[in-house]
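Good morning, colleagues. Please look at the structure as it comes up.

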Amino acid sequence: MAQRLRVLLVASEASPFAKTGGLGDVAAALPRALRALGHDVRILMPRYRGVERHASVIRTVVPRLEVPVGDRRVESALLATETSAGVPVYFLQQDRYFDRDGLYGTGDGDYSDNCERFVFFCRGALEALIALDGEGREAWRPQIIHANDWQTGLISVYLRTLYRDHPALSAVATVFTIHNLAYQGVFWHHDMPMTGLGWDVFTPAGIEFYGKLNFLKGGLVFSNLLTTVSRTYAAEIRTPEFGNGLEGVLEERAQDLHGVVNGIDYEQWNPAKDPALPRSYSPAEPEGKLVCREALRRELGLTDVGLNGGPGPLVAMITRLAGQKGLDVALESLPGMLDAGCRVALLGSGEASLEEAWTHAAARHPGTVAVRIGYDPELASRMYAGADCVLMPSRYEPCGLAQLIALRYGAVPVVRRTGGLADTVTEFDGARRTGTGFLFDAFSADALLDAVRRAAAAFRRPELWGALVKNAMTEDFSWDTSAREYAQLYKKVLRPQGAKPSRRSR
Ligand code: ADP
């Protein structure tokens with residue numbers, strides 16, 4: 001390898017320590033893939049409650065770290081562990097902010113001090129790097145900070161303002177990745193003093209957004225390079241329909257905005273090795289999937305579904321119950337899906353109204369619709385393995401991981417053609433036996449049902465369905481290709497390095 005890059009990936013969640021969605025998967029899998037390519041990539045995240053359950057040993061690297069928040073200095077510490085794949089992970093500790101049940105809030109909404117919590121995290125990340133720079137044997141200085149989503153948006157702002165001339169940080173370049181543009185971290189202007197930033201950055205060209213403070217905008221304006229998690233989403237977010245008010249900023253930075261599709265961790269997501277499954281299977285030996293399907297049917301109390309040409313496919317959804325995911329249109333389509341012979345299973349949690357509506361639907365259709373409210377990774381695995389199809393009628397979808405997992409597990413994706421779904425699923429062509437799933441364009445029950453009916457028709461021809469499942473399972477969305485793309489982008493922004501840290505690290 002030509003050049004070994006030193007990258008600190010900063011994220012508000014990383015699997016398995018803490019995860020609420022796709023960001024947590026990416027923040028763990030990308031560093032792992034980059035390390036496999038020989039780069040020195042480390043993760044920094046908050047020390048949430050319970051992270052120690054996933055770490056064999058946590059050691060203290062910097063016992064006392066002071067982080068300015070407003071006119072106070074908040075005491076903190078920097079801890080460290082390694083993932084099972086050997087990726088170093090730093091935890092920024094402040095129990096008052098992070099020793100809580102949730103990451104960002106409770107069922108009743110976001111924590112009211114999220115601005116303060118993530119000001120602390122962004123500024124703490126830089127204070128931690130300064131401390132680490134002089135930390136003897138532990139000394140380490142990244143060339144690049146790779147920040148992710150709004151919770152890390154102020155890091156690039158600090159680097160270009162308050163910390164611009166700090167010898168440990170002045171040569172650090174920044175890459176900022178948008179995993180979901182709809183979540184921006186918008187707070188009222190009275191929170192500005194808490195950031196410690198001057199009012200000169202509180203302008204439309206800076207972090208001001210309709211009179212408020214916008215963390216994500218900070219990342220977009222002040223980072224050296226921007227990425228998002230699929231090519232289609234990179235184009236979509238420059239339009240008013242998907243831009244959430246930031247389309248102008250993104251258009252201005254179009255030259256620096258790249259779409260790199262996410263992968264999934266092929267070690268973790270592997271039906272040949274997944275311990276949650278009643279029977280393993282693979283593209284070469286797919287028979288075990290039928291066992292998984294039958295076990296899932298029984299577990300969920302669904303009546304007989306078609307094997308080899310029976311009534312119709314078992315259609316699953318494994319998802320956050322949020323407006324983005326199109327569960328309202330899926331609900332509207334439910335009678336049509338049942339008419340087409342489908343059995344429908346949903347695993348998810350989130351908005352109370354959707355939880356309630358789907359729970360009622362299951363009660364109305366015993367034996368044909370099964371709903372499990374909750375977050376359950378093992379049941380999720382069993383559903384990917386047992387389902388014939390995974391349905392994703394998203395309004396928008398930056399990348400989507402569920403369809404990638406579905407492909408790997410031979411559950412044929414039926415998806416709306418938007419964002420990463422458009423980039424990762426191709427329409428099945430029965431005559432040519434090409435393609436991996438079924439797509440629809442309009443956000444409507446009619447369009448959704450049309451795609452489901454195409455899936456159900458293919459399902460009734462076992463030989464055809466077998467070819468489709470094989471196509472799906474042999475697609476390659478492992479991280480290797482995308483990690484190489486990130487490495488190329490990191491190299492584009494590398495800056496001349498200043499003085500070395502006090503002692504070189506590994
Ligand atoms: P998003 O990040 O928007 O939630 P993605 O499709 O990118 O959507 O990633 C969702 C991830 O979370 C997938 O790994 C999916 O399997 C998992 N997931 C979503 N809901 C649940 C749930 N209720 N139980 C277990 N896993 C879930």
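Let us begin with R96 and E116, whose side chains meet in a salt bridge at 4.0 Å, N to O. By salt bridge I mean a side-chain nitrogen of Lys or Arg within 4 Å of a carboxyl oxygen of Asp or Glu. R96 lies in helix α2 and E116 in helix α3 (residues 114-133), so the pair ties together parts that are 20 residues apart in sequence. Helices here are DSSP runs of H or I with at least four residues, strands are runs of E with at least two, and both are numbered from the N terminus.

A word on the source: this is a predicted model, in which local features need pLDDT of at least 70 and side-chain atom pairs count only at pLDDT 80 or more, while totals for chains, interfaces and linings use all residues. Residues are numbered from 1 along each chain as its sequence is written, and side-chain values use heavy atoms, with hydrogens and water left out.

How accessible are the two partners? R96 is partly exposed at 45% relative accessibility, whereas E116 is buried at 16%. The terms are these: buried is under 20% relative accessible area, exposed is over 50%, and partly exposed is in between, with a 1.4 Å probe and protein chains only.

A second salt bridge joins D101 and R49, at 2.6 Å from N to O. D101 sits in the loop between α2 (95-98) and β6 (105-106), and R49 in the loop between β2 (40-46) and β3 (59-69), 52 residues apart. D101 is exposed at 69%; R49 is partly exposed at 42%.

R35 and D40 form another, with their closest N and O atoms 3.2 Å apart. Here R35 is partly exposed at 24%, and D40 is buried at 2%.

I turn now to the domains. An automatic or database assignment supplies the bounds: domain 1 covers 6-263 + 481-493, and domain 2 covers 288-476. How many salt bridges are there between domain 1 and domain 2? The count is zero. The area buried between them is about 1200 Å², with carbon and sulfur atoms giving 56%; buried area is the accessible area (1.4 Å probe) that two parts lose on being put together, summed over both.
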